Amino acid sequence: MYQLRIRDLREDRDLSQTQVAELLKVHQTTYSDYELGRLNVPVSALHTLADYYGVSVDYLLGRTDVKTPYPKKESPRG
């Protein structure tokens, strides 16, 4: 499911695969493999994409159709 979501979000913003790959610090072919479902997207990349697009990781994974991200946790104070 995430393959369609990350492609749709990228295309909705008129971004190239190369631009998103640069954001994730991967090669364009690696990002293409994410969109095609040939490679699993690392959790760190899902976090980056969710923050970049302003959606929740659950939305990217297809666990919800609500795009709104969850509130950020406050950092623990020591």
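## Overall fold

Helices (H or I, at least four residues) and strands (E, at least two) are DSSP runs, numbered from the N terminus. On that basis, the elements of the protein chain run α-α-α-α-α from the N terminus on. The chain has 5 helices and 0 strands. This is a predicted model, in which local features need pLDDT of at least 70, side-chain atom pairs count only at pLDDT 80 or more, and totals for chains, interfaces and linings use all residues. Residues are numbered from 1 along each chain as its sequence is written, and side-chain values use heavy atoms, with hydrogens and water left out.

Along the principal axes, the C-alpha atoms fill a box of roughly 40 × 30 × 20 Å. Of the 78 residues, 31% count as buried. Buried means under 20% relative accessible area, exposed over 50%, and partly exposed in between (1.4 Å probe, protein chains only). A contact means heavy atoms within 4.5 Å. Among contacts with a separation of 6 or more, 48% come from residues 24 or more positions apart.

## Helix H1

H1 spans residues 2–12, and its buried residues are Tyr2, Arg5, Ile6, Leu9 and Arg10. Seen down the axis of H1, these residues fall within an arc of 125 degrees, so they line one face of the helix. The arc is that of the directions from the helix axis to the C-beta atoms.

Several helices contribute to the cover over this face. They include H2 (17–24), H3 (28–36), H4 (43–53) and H5 (57–61).

## Helix H4

In H4 the buried residues are Ala45, Leu46, Leu49, Ala50 and Tyr53. Viewed down the axis of H4, they fall within an arc of 135 degrees, so they line one face of the helix. On the other side of H4, Val43, Ser44 and Asp51 are exposed. The cover over the buried residues of H4 includes H1, H2 and H5.

## H2 against H4

H2 and H4 pack at an angle of about 115 degrees, with their axes 10 Å apart. Axes are lines fitted to C-alpha atoms, for helices over the stretch in contact, and angles run from 0 to 180 degrees between N-to-C directions. The crossing of H2 and H4 is right-handed. A crossing is left-handed if the near helix is turned anticlockwise from the far one by less than a right angle, and right-handed if clockwise.

From H2, the contact draws on Val20, Leu23 and Leu24; from H4, on Ala45, Thr48, Leu49, Tyr52 and Tyr53. These residues divide into 7 nonpolar, 1 polar and no charged. Here Ala, Val, Leu, Ile, Met, Phe, Trp, Tyr, Cys and Pro count as nonpolar, Asp, Glu, Lys and Arg as charged, and the others, Gly among them, as polar.

## Loops and positive phi

Most residues other than glycine have a negative phi. Asp14 is not a glycine, yet has a positive phi of about 55 degrees. Asp14 sits in the loop between H1 and H2. The residue is exposed, with a relative accessible area of 70%.

Lys25 also takes a positive phi, near 60 degrees. Its place is in the loop between H2 and H3. At 74% relative accessibility, Lys25 counts as exposed. Just after H4, Gly54 has a positive phi of about 70 degrees.

## Salt bridges

Side chains of opposite charge can pair when their charged atoms come close. A salt bridge is a side-chain nitrogen of Lys or Arg within 4 Å of a carboxyl oxygen of Asp or Glu. By this rule the count comes to 7 salt bridges. One of them joins Arg10 and Glu35 (2.6 Å, N to O). Arg10 lies in H1 and Glu35 in H3, so the pair ties together parts that are 25 residues apart in sequence. Both Arg10 and Glu35 are buried.

Arg38 forms a salt bridge with Asp33 (3.3 Å, N to O). Arg38 is exposed, at 61% relative accessible area. Arg63 and Asp58 are also joined by a salt bridge (3.3 Å, N to O). Arg63 counts as exposed at 65% relative accessibility, whereas Asp58 is partly exposed at 22%. Salt bridges that share partners join Arg7, Asp8, Arg10, Glu11 and Glu35 into one network.
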